[in-house]
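Thanks for coming, everyone. Please have a look at the structure on the screen, and then I'll walk you through it.

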Amino acid sequence: MRDFIPYTVIILPLHCKVVRDQRARGLVVVPYGIDIGPGLVELAVQRHAEHADNFVVADAWAWNPQRQWDFVYSMLDLSPPDMYCVWIDRLLGLVAPGGRLILGAYGSTSRGIAPEQPGQVLRSCGLEVAGTASSANANSEFAWTDVGVGR
Ligand SMILES: C[S@@+](CC[C@H](N)C(=O)[O-])C[C@H]1O[C@@H](n2cnc3c(N)ncnc32)[C@H](O)[C@@H]1O
């Protein structure tokens, strides 16, 4: 994921490794994140104490922050398949004009389940795919779409 998040990022849910990678590349990253589980949020607060206020326990389906971010990452796995486009529309509402929504999807290696294809889902919702990536090790797929300045 580090290759397709150039700078400021919201990570939704939390993905602390990305922050460390981007800092190593000399890029400015201000981490934000939400998760429905308090344990992961507490871990993020410990790792990023200087940004502790940016991490909240919340249900992403009910969370209504009063701002937008340049980069938003979340997963299709947080939505039932018949709600993917609604979920994506909700996430796009968190992306600032000129920003990017990155979608991930995870399979299950132990159960032999392949991940959903976020690029296909984005297209099925009428959105352009700006790029895709996959991780065979993590059995995961990623795709992203860019939000126009005039959106
Ligand atoms: C597979 S883990 C992903 C962990 C890490 N963020 C990553 O991308 O590798 C899925 C996470 O989504 C969180 N989650 C599931 N439903 C959620 C919801 N409705 N709102 C916020 N977080 C949720 C879970 O608590 C869990 O930490």
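Let me start with a term. Two residues are in contact if their C-beta atoms, placed from the backbone, lie within 7 Å. A second term is burial. A residue is buried if 20 or more other C-beta atoms lie within 10 Å of its own, exposed if 12 or fewer, and partly exposed in between. Helices (H or I, at least four residues) and strands (E, at least two) are DSSP runs, numbered from the N terminus.

Now the ground rules. This is a predicted model: local features need pLDDT of at least 70, side-chain atom pairs count only at pLDDT 80 or more, and totals for chains, interfaces and linings use all residues. Residues are numbered from 1 along each chain as its sequence is written.

How confident is the predictor? pLDDT is its confidence in each residue, from 0 to 100. The chain has a mean pLDDT of 83, and 80% of its residues reach 70 or more. Over residues 4–16, pLDDT stays under 50.

Next, the layout. There are four helices and seven strands. In sequence order, the pattern reads β-α-β-α-β-β-α-β-α-β-β. Of the 151 residues in the chain, 35% are buried. Take the contacts between residues at least 6 apart in sequence: 52% of them join residues at least 24 apart.

Let's turn to helix 3. Which of its residues are buried? Within residues 84–92, they are Trp-87, Ile-88 and Leu-91. Why do they sit on the same side of helix 3? Because they cover an arc of only 95° around the axis. That arc is taken from the directions from the helix axis to the C-beta atoms. Here is the general rule: an α-helix has 3.6 residues a turn, so residues three or four places apart point the same way. And what do the buried residues of helix 3 pack against? Strand 4 (69–75), strand 5 (95–106) and helix 4 (118–124).

On to the strands. Two strands pair if DSSP finds at least two bridges between them. Strand 4 and strand 5 run parallel, joined by six bridges. One example is Met-75, whose bridge partner in strand 5 is Gly-104. The chain goes from strand 4 through helix 3 to strand 5, and this β-α-β crossover is right-handed. Right-handed means that, with the strands pointing away from the viewer, the path from the first strand over the helix to the second runs clockwise. Strand 5 also pairs with strand 7, this time antiparallel, over seven bridges. There, Leu-103 stands opposite Ala-143 in strand 7.

Now the core. A nonpolar core is a set of buried Ala, Val, Leu, Ile, Met, Phe, Trp, Tyr and Cys residues joined through C-beta atoms within 7 Å. The largest one has 23 residues, and Val-72, Leu-101, Ile-102 and Leu-103 touch the most other members. Strand 4, helix 3, strand 5, helix 4 and strand 7 (140–146) each give two or more residues to this core. Leaving out residues up to four places away in sequence, Leu-101 touches several residues, including Val-72, Leu-91 and Trp-144.

Two last residues. Ile-34 lies in strand 2 (residues 33–35). Is Ile-34 buried or exposed? Buried, because 22 other C-beta atoms lie within 10 Å. Thr-132 is in strand 6 (residues 131–135). Thr-132 counts as partly exposed, because it has 16 C-beta neighbours inside 10 Å.

Notes: pLDDT is the predictor's confidence in each residue, from 0 to 100.
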